[in-house]
Amino acid sequence: SLLMADRDFVIRAAQGEKFRAATAEKIMTEVVAEMLAGEIFSMLTVEDLGKKISDAINQLLKGLNLPRYKFIVQVMIGESRGQGVHAMSQCVWDADVDGMATINYNLNNIWCQASAFAIFTY
């Protein structure tokens, strides 16, 4: 019934069920460090590697069991030859419940930036 649907409408996450950037950053750092350990940059494998990293991060974020959250994970990987890289993201959302976390990783000749966007579904 229509009245029952109104009872499912939630506009704020409970305090213990909010996305925490620090928790996501720890997960992302561990995944990226593990999956890029010993890797050498290759144009032939970088696309597949980026997808594997983003899928692993997404699965671990889902494992946090934060009700009503959807995650978007973006991974950029490039060859490091001493150059600088700047990336920027902008989102319009509810700052009370939505959030994002970003990490940067650089080892050997690979740099990686991973970002996770947590969107609370009302």
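How many aromatic pairs does the count come to?

## Aromatic pairs

In this predicted model, the count comes to 5 aromatic pairs. One of them is formed by Phe19 and Phe71, whose rings are 6.3 Å apart centre to centre, with 50 degrees between the planes, an arrangement that is classed as tilted. Because Phe19 lies in the loop between helix H1 (2–7) and helix H2 (21–36), whereas Phe71 belongs to strand E1 (residues 69–79), this pair ties together parts that are 52 residues apart in sequence.

Both partners also have computed accessibilities to consider: Phe19 is buried, with a relative accessible area of 10%, and Phe71 likewise counts as buried, at 13% relative accessibility.

## The aromatic cluster

Phe19 and Phe71 are members of one aromatic cluster, which they form together with Tyr69, Phe120 and Tyr122.

The side chain of Lys18 is joined to the side chain of Asp96 by a polar contact of 3.2 Å. When residues up to four places away in sequence are not counted, Lys18 touches Ala13, Leu66, Tyr69, Asp96 and Val97; of these, Tyr69 is also a member of the aromatic cluster described above.

Terms used:
Residues numbered from 1 in each chain as written. Predicted model: local features only at pLDDT ≥ 70, side-chain atom pairs only at ≥ 80, totals over all residues. Heavy atoms only, no water. Phe/Tyr/Trp six-rings, centres within 6.5 Å; stacked < 30°, edge-to-face > 60°. Helix = DSSP H or I, 4+ residues; strand = E, 2+ residues; numbered from the N terminus. Buried < 20%, exposed > 50% of the residue type's maximum accessible area, 1.4 Å probe, protein only. Polar contact = N/O pair within 3.5 Å; in protein donor to acceptor, adjacent residues only side chain to side chain. Contact = heavy atoms within 4.5 Å.
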